[in-house]
Structure formats: C-alpha cells, structure tokens
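Let's walk through this model together, one feature at a time. Keep the viewer open as you read.

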Amino acid sequence: MTPLDTALLVLLAPLASAAVITLLLARRGSAASALSVLAAAIVAAGSLSLAFGGGRFSGSVEWLRFGNFAISLGFRYDDLAALMLAIVAVVGLCVHVFSLGYMHDEPAKARYFGGLSIFMFSMIGIVLADNLFMMFIFWELVGFSSYFLINHWRERKSASDASKKAFIVNRVGDFGFLLGIILCYWANGTVGLGELGAAHAAGTLAYSRLIPLLLFCGAVGKSAQLPLQVWLPDAMEGPTPVSALIHAATMVAAGIYMLCRISVLMVPQALLVIAWVGTLTALYAALCAVTQRDIKKVLAYSTLSQLGYMVAAFGLGSAGAAMFHLTTHAFFKALLFLGSGSVILGCHHEQDIFRMGGLRTRMPLTFWTFTVAVAAIVGLPGLAGFFSKDAILALAYDNNPAVFALLALTAILTAFYMLRLWKIVFLGNPRSEAAGHAREAGISVTAPLVLLAVLSAIGGYRGAYPRGFEGILSQVPEAGGATHAVVLGASLFVLAAGAAAALAFYATDGTDALETRLPGVFGFLSSLRTSFDTAYDAYVSKVQQRGALILNFIDVVGLAGVVVRGVGGAAEVVSSGLRALHTGRLGNYVYWFLFGVAVLWAYAAGIL
Amino acid sequence: MKPTLDAFVLLSGALFAVGFLGVLVRRNTLVIFMCLELMLVAATLALVAFSRFNGTGDGDVFVFFILTVAAAEVAVGLAIIVALFRTRQTIQVDRLNSLRR
C-alpha cells in the first residue's frame, strides 16, 4: 500500500464502522463495540506505520466548483500531521479499549461506539485536511460528534443542556473561524495550507491582523479559551472515556493544532493577543479548579488551564513548544481522565471526591497510574509534563516576563489542586460505602491505564519518538544558560510550594479545608467560576431575549397577522363571492355568457 | 320580388334568438343541444347571405367548414348525451349539478 492508501484507510475505517453500526448493528451492542474497537485498531496501526515509515506527502482532488471558485479535498501529511495523527490514534485506541470495560453494562452501547467512530473519522479529517475549507467541514463534524457524545445519557436534563451549550458556544467561535477562512480566501485567493506556505516563502502572502484573529476565534471555541470556556466543564456530563478522548486529549487540542497549521498567517500583534488569551485562561481555570468537588470537573478545569499553556506557547511564537505540550498533555490528561473513570466505576458512579478516599489500597493499579499522571502534570522532573511545561516557561521567560509570572503562578495552582485531588481521592479512609467497596475493574480498563502511564513517563524524552516527528520536536525551544537555571529553579519551586501547600492544607476528613478555614477565598473562587455563566445568562435574558421578543412581535403581528392572514382573508372574501356564482344551474351560466357577450359588444362598439 | 339582405339578416337573427332562448329556458339536454345547432345554422345563414350580396365566396368557404365541424360535433355531442343518460338515468340539466355539491 502506498502511504496515500494507508491515509485513506485510516480516515475511512472509522466512517465505515460508524455507518455499519448505525445501519445494521443499532441493537447489537457487543458486535458494535467490537467493530468500533477494530476500526480504532486499524487507525492506530495505520497511523503508526505512516509515522514510522517516514513518508510525507500531500495531494488533493477537486470536489466542488462554482465558477472559478473551487473547494478541494486533500491530505497534507507532514511532520505536524504525523504527530497529531499518532496522538489521536494512540489515545483513541486506549479510550476505545477502556470503553469496552467502562460501558459494559450500558444499554445504548451501539450508539456510544458509533459516536466514538464518527468522532475518530472527523478528528482524523481535521488532522489530514490540506485546506481550511476541508478543515472547517471536519471541524463542524467534530463539533457534532462532541454534542452527540456529551448527550449520550440524554434522559438526563443536565446532559442534554450541556450538549446544547457546547454546541452553541462552539458555533459562536466557528462563526469567526468561517469569517476568517473567507477573508483569507479573499485576501490570498487560496485557503490551501500548501499554497499559503508557498506564498509565505515567496513573500507574496497578504498579512493582516484580522485574518489570524478571526481564525483564532475558532480555536477559542474549540479549545475552550476565555471567553468561550464555559462549555468544557459542563461537557463532563458525557461518559468519562468521552471526556478523556474528546474533552481532554484530542478535540479540544484541535484548536492548538489548527493554529500550528496556519502559523504562516500570524503577525506579531495577533500573537500577542493569543498569548494573553492563553495565559489568562490558564490562570483563570487553575483558580476555578481549586474549589471543585466533582473529580471530573477538577480535571476539566485543569484541561482548560493546560490548553491555556499551549495557546500561550503558540502566542509566544513557538508552535513546537505548543505541540510538544499538546502531546505530553494528551497522554497524561487522557490517563487522568481514564483513571478518574476507573475510580468512578469502582465507586459505583460516585463523582464527589469528598465521598471517596482510601482508594490507594483498594485500587492499587489505578492509584499508581494516576500518581504517574499527577506527577507528570505538576511537572515532576523526569516525567513528560516537566519537559514540555519547562519549555513553555523558558519561552515565556525569554519573551514576556509578565506572561512568565502568571504561568508560574498557574503552575503553583496546578500543583496545588492536583495534589488536593490526589490526596482526597486516594489517601485516608473511605468516606462512603461505595468507596469502601471499591474494586479494580477488568483488564480492558487497566491495560489502557498502564499504556498511558508508560507514555506519560517517557513522553518528555525526544528519543522516545520516531524520527519522523523531528520536524516538529526540533522546534521546541531549548533553554540555555541563565534561562535554564532560572526556569528550572522556578519550576521546582512552584512544584514544591504548590504540592506542599496542598498536602499540608487539606485533610482527608470529608470536608473542603478551604471552605471551612478560608470561606472568603472559597466564596471568591466559586463566584469567579460562575461569573461567566452569570454574565452570559444576564446577557441572554436581558438583551437577547428582549430582542427576540421584538422580533417575535414583528413576526406575530406583521408577518403572521397582516401578510399571511391578510392574504388568506382577501382570498377568502373573493372566493366566497365567486362561490355564490357557482349555482350549478346551466341557465345561470348562459346568462353570464350573455352578459360577457354584451360587455364584449359594448367594448367593441366603443361604449365602454 | 327579390329578397333583400335585411330580410336574410333578420331571419338569421330571429333563428339565433330562438336558439338562444331555447338554451336558456329548456331543461332537457337534447333540446338544448338542438337549440345550439339552431344558433349555428343562424350564423351559417348570415354568412351565406353576406357572401352572396358581397359577390365574393369567402363566406361560403366558412360555411363548408362549419358544416363539417358541426357534423362531427353532433356525433360527439349525441354520444356524450347517451353516455350521460346511461350513467345518471337523466338528462335534465337542473339535476346534473353534482359539481356544486
């Protein structure tokens, strides 16, 4: 098989799986899950063989043509795409296998696995797309599959609300994205990534501040940056493996990936905005994470915060650092989510961390893999997160001291809330009956944990990756000399400070120490968390709702009343008159005929 | 005494009026049909008279056409009336008003 065939297979296998599941296996859960896992395995095998094979290619076919405007579909498989595809495939396979155990007793298993397959198809489409229109199509498909999977337990109102929220908030960002694509086409005459890169190299690319910022809107929506971050915590209503795959490791990272794909369009002013949006998101989300009681919500805010790091890294000018952190984050965050899924499964769907505790001895494998992931995210030296986060901190130190200070503060908070979570969930004594009876689940749950733990441990070493990714990983900035010492010292300090504070501050007695001892701070952080939702609610109910009422009035009175009823009423009046003429007696018709002849004669004679 | 054009036109008008009145007041489809034929004949008579008094053959040509068409029309019309009677057992126009209901 040529690399192109393999790429086609990787793209279409999940689509075929989704189609077969939807059309034929809708009532046969186990067959559907087997098929979906098989598709994920094909994707993993195909994308790894592509990455190791080292072949890089691009090509496209014309799909639609309107006059001299054409939309093409094509692949652009470079080092960036190879890395992203490998992440999506590996994490995807882990999540598929994990779902076999996690969703074992689920009645709507076929729907769930069909959703996973359609998500894999859409995500791979984004990764391979060679132009922005094609990327936008798959971008929307990803949005749909995210909506579909958040809404999996659709009998729960909270789940259906969350899915609608995710979909609508993403639409807001996508609107900007679409405008950006159109503007890019207008300015450059093409939206092909290859053509844009060539124009950049030749110096003929039309730069503007507006295009990258509009395209960034798409990333703001999909990667849940301020101010569109509100959907991601709510999206935790979906099944936990979905949160791991879509709302932590891959889909939300698609925004970062898209930015890296269009990095040639960037101008310094736009990058500055992007860097600040990322930094503020990182800090805001870390503050919110501190007060959460739900294990998945802590991880959701942590995801937001780490995505903020990646966006900030991109904004500081290093796509390499952003992609490196994206890679390591995908491994350890997927591991954290799958670990939390294992905990939730063990505790019979208890998600409140203050009703857990003591799981260290009851779920040892989960505990140790989770510990690796926590160590990786807080940046313990030697693990994946340490390298990627230090690369970003070094970049910030060299370029923007204010961003560096805020990111370092975020790192303290990261260590603080992750250790809080870790201590409260796993240490101490069980604080509920469910936690007391917690058991490790079967091999399909634990095997992905172990695989991801290995990846989280070694993911920071350049040598662990196939040579094909060098194109990206060689762009990761290396801190040298004084910067290196300062950043290393700072990151060790923030790690120690945050971790020690959390371990000392929180007790394993089932109460939130922050709530009882510092209620003012707790209240402030809680209100910070709800502030955006409150503001959007106020906007929608006060401004948008009023506007909608006015439009509704115009519709009811103007359109439905005057136009529709008016036309109908006039027709009715005329028709009731005409109906009276229709007597059914031939003689009457002849009189009318006579009348008509008389009128005609009068007209011809010039009387009328 | 030679007949004048006025006499022909008067006769034609009278025939037409008789036919028209018949169509108006009679209820039997067959009679109405015959009255229609009467109106046709009135028109034919007028054409012949005008043709004759103008000294051209134009009107006569029309008459041949009208006669041909009228023959075909009579065949079709009578067939319709027969078919109507078979299905409805009546040819009284005041009872053939099912479209109104």
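## Backbone around A:Ala224

A:Ala224 counts as buried, because 29 C-beta neighbours lie inside 10 Å and 20 or more are enough for that class. Please keep in mind that this is a predicted model. A:Ala224 belongs to the loop that links H8 and H9 of chain A. Its phi is near 55 degrees, which is a positive value in a residue other than glycine.

The loop between helix H8 (210–222) and helix H9 (231–234) of chain A also holds A:Pro227. If you check the peptide bond from A:Leu226 to A:Pro227, you will find it cis, with omega near 0 degrees. For context, most residues other than glycine have a negative phi, and most peptide bonds are trans.

You will find B:Gln89 in the segment after helix H3 (58–88) of chain B. Is B:Gln89 buried or exposed? With 8 other C-beta atoms within 10 Å, B:Gln89 is exposed, since the cut-off for that class is 12 or fewer.

## Two packed helices in chain A

Two packed helices are described by the angle between their axes and the distance between the axes. For helix H3 (residues 79–102) and helix H10 (residues 240–249) of chain A, the angle is about 160 degrees and the axes are 8 Å apart. H3(A) and H10(A) are therefore roughly antiparallel to each other, as angles over 145 degrees are classed that way. Their crossing is right-handed.

Which residues make this contact? H3(A) brings A:Val91, A:Gly92, A:Val95, A:Phe98, A:Ser99 and A:Tyr102, while H10(A) brings A:Thr240, A:Pro241, A:Ala244, A:Leu245 and A:Ala249. Sorted by class, the contact of H3(A) with H10(A) has eight nonpolar and three polar residues, with no charged ones.

## The bend in H24

Now turn to helix H24 of chain A, which covers residues 519–581. At A:Thr530 this helix bends by about 40 degrees. Of the 63 residues of H24(A), the number buried is one, so the helix lies largely in the open.

## Where the chains meet

How many residues of chain B are in contact with chain A? There are seven, and they touch seven residues of chain A. On the chain B side, the residues that touch chain A divide into four nonpolar, one polar and two charged.

Terms used: Residues numbered from 1 in each chain as written. Chains lettered and ligands numbered in written order. Predicted model: local features only at pLDDT ≥ 70, side-chain atom pairs only at ≥ 80, totals over all residues. Bend = angle between axes of the 7 residues up to and from the residue. Helix = DSSP H or I, 4+ residues; strand = E, 2+ residues; numbered from the N terminus. Contact = placed C-beta atoms within 7 Å. Nonpolar A, V, L, I, M, F, W, Y, C, P; charged D, E, K, R; others polar. Axes fitted to C-alpha atoms, helices over the stretch in contact; angles between N-to-C directions. Parallel < 35°, antiparallel > 145°, perpendicular 65-115°, else oblique. Left-handed = near helix turned anticlockwise from the far one by under 90°.
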